[in-house]
2 protein chains.
Amino acid sequence: MELKLDVVVKGIEPLSADWRRRARAYLSNLAIPLWSLGQLLDLAEQLAAIKQTLKPSVRNKVVVTMAGDHGVVAEGVSTCPQDVTLQMVYNFVAGGAGINAIAGAAGARVVVVDMGVAADLDELARQGKIISCKIGRGTGNMARGPAMTREQAVQTLEAGIGVAGQLVQEGVELLGTGDMGIGNTTPSSAVLAVLTGLPVREVTGRGTGIDDETLDRKIGVIERALELNRPDRGDPVDVLAKVGGFEIGGIAGLILGAAYFKVPVVVDGFISTAGALLAKRLAPQAVDYMIAAHRSMEFAHRQMLQELSLRPLLDLDMRLGEGTGAALAMNIVEAAARVIGEMLTFEAAGVARNESLEYTP
Amino acid sequence: MELKLDVVVKGIEPLSADWRRRARAYLSNLAIPLWSLGQLLDLAEQLAAIKQTLKPSVRNKVVVTMAGDHGVVAEGVSTCPQDVTLQMVYNFVAGGAGINAIAGAAGARVVVVDMGVAADLDELARQGKIISCKIGRGTGNMARGPAMTREQAVQTLEAGIGVAGQLVQEGVELLGTGDMGIGNTTPSSAVLAVLTGLPVREVTGRGTGIDDETLDRKIGVIERALELNRPDRGDPVDVLAKVGGFEIGGIAGLILGAAYFKVPVVVDGFISTAGALLAKRLAPQAVDYMIAAHRSMEFAHRQMLQELSLRPLLDLDMRLGEGTGAALAMNIVEAAARVIGEMLTFEAAGVARNESLEYTP
């Protein structure tokens, strides 16, 4: 199934206000003090409204880990050699990475997508161990020119939409986003700076753990990239093309696809949320389908979450990416689905209710 | 197996510093930026040190929901009728409560213990649907006299220890605490006030959702109970007897038992943490085995967590009790166990490591 970007963007529907109301009324009648499961009930309401049922199901969970390389690493913005992207893809496939362990705990499958790793991964794709949507072998160095062409940017988005479509067709009911790409906090900060207008210094952090000198260099590189490429803040595809990344576009597309197909999508940390920001700018109603997994240690992540008006489920000082935050949050999403699907109301449970706490819609 | 309180208190060992060190060194060699899974790695280190292995297992999870009634409800401190304790026990057994739904998502079993519900639950106990450790039909009204005798307080603690011992013998590797008892934020606040010396007003909240007038009354009732009973701050058993509750003692005992048997125990919200505070005052090293599930909406819960120096895993505006927070956190504990048990090191994964980030013990 090949879906064009503009069809998807136009086809995303806002959540049904009617189902929100029905879910809220139902949840307000559970045999507990009113709304005493807090954010878990907010989430249950969202799931019910997305799936248009009071018994939303989130079976067949999948975390999609999108991998890509970044030309900008030539500027010395990361502590890690570029090869690590490739090595980590092999680690994902071998099952030895953080995302494998955490997805295992959540009962989720990990799907690795090559959006643009700077190496030949055809053999892994032929073996069915990864999905290949390779746009190129790493982006261009945004400090010297655009990261990719506009056509490539659209391709990344449509590739992500395609992956979402394929997984939904296979019966996946809950998606999570993830990333792997050495250097990819740099384009993520760049995207955030452009879309919000915030100064680069305020949205640029230490990624895998760079020192002060490297941080200053990273800020300088992003500032130069913005000056040179002049991305158009009002045109998210242009922003993605000029200062984004292949996997960031893939993630944005995956989120748009999830929203189009009415499947909730758990958004991981800093890089994934850069993709989510792009998705929101393309289709504001896509936010209704997003669930913020956690607050990353990468400090500007809170700016992104604020921009999306999303409250994260977890805050555990994580900053790994790969989709680890999304995987960890998936069990909370399942708990929310079970709360609305399985809990009894006052009446059904035969529990006395304090009239003063009664729900009035 | 009947274990005496003093044997257990003396028998709890602090965590092995050697195993902590070994776990920390191992986790610092995982193929990720140093400690980039944050609190999940702190937890993995704790699990490894508790279980004295680099592959800690947390199978056969059980949340123990301890139920009891409180004579102090006669003072009008709650919005709910006392019968709700009994009705909720039936809801737990029927599988329709919040704890059932959330434990289901975590793959955990719910074990309901009657510590002192003000009703006859013998039939449920005979059917094996609950465990009966009934100390009495509700505590005495602490505004008029002690909640229970000193002997009863010791009985509640030893009952909790016994439940822990039985479950550990059955192969349970992860325990969680939970409570059910209309009015039980009142004794919990009282315990907190005595043990910390904080003013009653600063540690008393709205429980199931009382109004200003009822809150003022609740504060007055606790102040009166402290004046009348004069619990000895330095004697946790006396505090439990004078102003505690049967289920609070059971929870404290369960935690002590878990620590004695070297099983990690996930501590739920306000009421459970009152039990944890008592456990800590009886055996300070018991804290090493505790995992704080979440920060409750009951605002004084943060004082309790501070007192225990525990950082909670979740903060989702929950305030239900039953063990719902503990159940929700159990999957995070499992993720931590899998992280240390399944993830590969730089060397094993063949991932290049930045020397500047290398771990030096």
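**Exercise 1.** In this predicted model, does A:Asp18 count as buried, partly exposed or exposed, and what is the relative accessibility of A:Asp18?

*Solution.* The relative accessibility of A:Asp18 is 37%. Buried would require a value under 20% and exposed a value over 50%, so A:Asp18 counts as partly exposed.

**Exercise 2.** Find which residue forms a salt bridge with A:Asp18, and say where the two residues lie.

*Solution.* Begin with the contact: A:Arg21 forms a salt bridge with A:Asp18, and the closest N and O atoms are 3.8 Å apart. Next consider the location, for both residues lie in helix α2 (residues 17-27) of chain A, where they are 3 residues apart, about one turn of the helix. Finally turn to accessibility: A:Arg21, at 54%, counts as exposed.

**Exercise 3.** Describe the salt bridge between A:Glu213 and A:Arg217.

*Solution.* The side chains of A:Glu213 and A:Arg217 meet at 4.0 Å, N to O. Both residues belong to helix α9 (residues 212-229) of chain A and are 4 residues apart, about one turn of the helix. A:Glu213 is exposed, with a relative accessible area of 59%, whereas A:Arg217 counts as partly exposed at 35%.

**Exercise 4.** Explain which parts of chain B are tied together by the pair B:Arg295 and B:Asp315.

*Solution.* B:Arg295 forms a salt bridge with B:Asp315, with the closest N and O atoms 3.2 Å apart. Because B:Arg295 lies in the loop between β6 (290-292) and α13 (301-308), while B:Asp315 lies in the loop between α13 and α14 (324-342), the pair ties together parts that are 20 residues apart in sequence. B:Arg295 is partly exposed at 23%, and B:Asp315 is partly exposed at 34%.

Key. Residues numbered from 1 in each chain as written. Chains lettered and ligands numbered in written order. Predicted model: local features only at pLDDT ≥ 70, side-chain atom pairs only at ≥ 80, totals over all residues. Heavy atoms only, no water. Buried < 20%, exposed > 50% of the residue type's maximum accessible area, 1.4 Å probe, protein only.
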